[in-house]
Amino acid sequence: MTSPLVQLVDNPQHGDARGQLSVAELGGALPFVVRRVYWIHGTKPGISRGFHAHKKLHQLCVCVAGSVRISLFDGRREESVVLDSSAQGLLIGPALWREMHDFSPDCVLMVLADTEYDEADYIRDRDQFIRHVAG
Ligand code: TYD
């Protein structure tokens, strides 16, 4: 049996009468030590992003506002998920081609990563990615 490409984790919620507070914590929903955080926002209508894979990077994507659809491809199978809640995070490990589509105008996609930015870790060509996962 093959494991799903889409791996969602639950971020604990501490909402109360004042509003919401969501947590991603090492040992809880977060399986790695965070060394970098970035966020994608203000995405223009009709724009898609991503179109790359990583050789080693682990990431947790949390859509803290709005919504976005993320598709994952491992060289054979493709799965897609809509993120529209800060109560869930999408874990993306190495060797997964990712594309981000259908950003809502208010989307803020926060990404927690286990390494600093390193362009050498990127595979930005889809055919090269397919060769990479093939062996
Ligand atoms: P890019 O990889 O094109 O973003 P996406 O995968 O969402 O389409 O990144 C856009 C620019 O930002 C590019 O010049 C690299 C730079 N960047 C950093 O400097 N640090 C980072 O942590 C990230 C993710 C990107």
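Q: In which strand is the place of Trp39?
A: The model is predicted. Trp39 belongs to a nonpolar surface patch that also holds Val34 and Val37, and these residues together have about 260 Å² of accessible area. The strand in which Trp39 has its place is β2.

Q: Which elements give two or more residues to the shell around the ligand?
A: Among the residues around the ligand are Arg36, Tyr38, Ile40, Arg49, Gly50 and His52. An oxygen atom of the ligand lies 3.3 Å from a polar side-chain atom of His52. The elements that give two or more residues to the shell are β2 (36-41) and β3 (49-54).

Q: How far is an N or O atom in the side chain of Arg124 from an oxygen atom of the ligand?
A: A polar contact needs N or O atoms within 3.5 Å. For the side chain of Arg124, the distance to an oxygen atom of the ligand is 3.0 Å.

Q: What share of the ligand's accessible area does the protein cover?
A: Among the residues around the ligand are Met100, Tyr117 and Tyr122. On its own the ligand has 540 Å² of accessible area. The share of this area that the protein covers is 59%.

Q: Which residue in β8 stands opposite Gly50?
A: Strands β3 and β8 (residues 97-101) run antiparallel and are joined by three bridges. The residue in β8 that Gly50 faces is Glu99.

Q: Why is one side of β6 and of β10 left without a neighbour in the sheet?
A: The open sheet has five strands in antiparallel pairing, in the order β6-β5-β8-β3-β10. One side of β6 (78-83) and of β10 (122-123) has no neighbour because each of them stands at an edge, with a single partner strand.

Q: How many residues apart are Arg69 and Asp102?
A: The side chains of Arg69 and Asp102 form a salt bridge, 2.9 Å from N to O. Arg69 is in strand β5 (residues 68-73), while Asp102 is in the loop between β8 and β9 (108-113). The pair thus links distant parts of the chain, and the number of residues apart is 33.

Q: Which residue caps the N-terminal end of helix α1?
A: Helix α1 spans residues 126-134, and just after α1 Gly135 takes a positive phi of about 140 degrees. At the N-terminal end, a side-chain oxygen lies 3.1 Å from the backbone nitrogen of Asp127. The capping residue is Asp125.

Definitions and conventions
Residues numbered from 1 in each chain as written. Predicted model: local features only at pLDDT ≥ 70, side-chain atom pairs only at ≥ 80, totals over all residues. Heavy atoms only, no water. Near = heavy atom within 4 Å. Polar contact = N/O pair within 3.5 Å; in protein donor to acceptor, adjacent residues only side chain to side chain. Areas by Shrake-Rupley, 256 points an atom, 1.4 Å probe, with all protein chains shown as cover. Helix = DSSP H or I, 4+ residues; strand = E, 2+ residues; numbered from the N terminus. Patch = residues over 30% accessible without salt bridge, like charges linked within 9 Å, V, L, I, M, F, W, Y side chains within 5 Å. Salt bridge = Lys/Arg side-chain N within 4 Å of Asp/Glu carboxyl O. Pairing = 2+ DSSP bridges.
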